[in-house]
Amino acid sequence: MRPTEVDERWKEWATPKQAEAIDAVLKHGTARAAAKALGIAQSNVSEKIKLARNKAARHGYAPENHMTRPVPDGFIAKGVSTYFDRDGNAAGQWVKSSIDQDRQRELLEQWVANLSAELPRVSPVPAPNPSFENLLNVHVITDVHLNMLVAQEDAGADWDIKIAEETVIKVFAAMLKNSPDAETGLVAYIGDFYHFDGVVNQTSRSQHPLTSAASYSEMIDVGQRMERRIINMALAKYKTVHVVRLPGNHDEATILATTPLFAAIYENEPRVTFDLTRLPHKVFQFGKTMLAFTHGDRIKLSDMPGLFASEFAEIWGSSKFRYGHRGHLHHDEEKYIHGMLCAQHSTLSARTEREAFHGYGGPRHAKTITYHREFGQCWNSTTSPEMVA
């Protein structure tokens, strides 16, 4: 491989290491000389350049094939059609593009990182009086579907963005009031807190149409206000607050994007911690107790023990009591399976028209479960919208 076979423009789509390999060949004349200068194998240099060239082609740049109109960052070339004049010269070109999902997510993460650096930070507040250090209260909130719009006549109960905010805040306040004094509180949002994931009212992956009354930006504003109120209320009761935010099938990108923002807002408050992993499955260990969380759209209740034992083997092995929590199906179910008590949680939101039509759904409520550091689960309660109406 010689400099005449390498295009410097490939660096526009290359990783830093791939760009380094391109520069080395251009500078030293051959792939062998470039490899010697970089201290790596010649095949490694060639592979890096090949990957950069292929990525450039996917984005519409491959001059040897008459592809000279690259698509914008965040897109990939879906198809390129070139037409030629009677002399065989390229006379024009049509380029079809589609969204590059991986790059879109990368750009979103960069935007979040830049925005996080400028957000105002919450100042620390005094911790409450000491309470039982061996107790942990877990407050499970799932499938709120903030900004879903249904009418009582169609589904049995009204639900909109205003009702959702008022209901969730009142229910959480009651959950705190009625739960035991504990040193640690865990707020678990286990998916579909938001009803949709962008400017189009539909699910991201399957494009199911959804009903809503407010815009995406208004939904985010209300959701952020709700979650900050919840965290602040939890800080007034607990010495330590841990927050788990799981992506659901309705709000995957929104949750992944906004979790770092929350962590940035509370970075000066040492009593709040966030699970910042991007996995759709998360765990928290409290003494001899393992707590596992997933939304549930990607895994059955019966498969939870196997997944968490495999993904989090060290925590599984060091725990005596294991509890799995999932949402998604909007009703309760609990079953002991292969060393783990697996719980399916209900929702506070109203039923959709489709659920009402098929007779789906069950009692609406949120649960608080208390765990002892040495003895596992020792108490639980439910709070329904009717209880705080």
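Which residues touch the most other members of the largest nonpolar core? In this predicted model, that core comprises 49 residues, among which Leu146 and Tyr266 have contacts with the most other members. Two or more residues are contributed to the core by each of the strands β5 (135-141), β6 (184-189), β7 (240-245) and β8 (272-274), and likewise by each of the helices α6 (161-178), α7 (216-237) and α8 (252-265). Helix α6 supplies the largest share of the core, amounting to nine residues.

Most residues other than glycine have a negative phi. Histidine 145, which is located in the loop between β5 and α5, has a positive phi near 50°, and this residue counts as buried because its relative accessibility is 4%, under the 20% cut-off. Histidine 328, situated in the loop that runs between β11 (321-326) and β12 (333-337), likewise has a positive phi, in this case near 80°; with a relative accessibility of 24%, histidine 328 is classed as partly exposed.

Terms used:
Residues numbered from 1 in each chain as written. Predicted model: local features only at pLDDT ≥ 70, side-chain atom pairs only at ≥ 80, totals over all residues. Heavy atoms only, no water. Core = buried A, V, L, I, M, F, W, Y, C linked by side-chain atoms within 4.5 Å. Buried < 20%, exposed > 50% of the residue type's maximum accessible area, 1.4 Å probe, protein only. Helix = DSSP H or I, 4+ residues; strand = E, 2+ residues; numbered from the N terminus.
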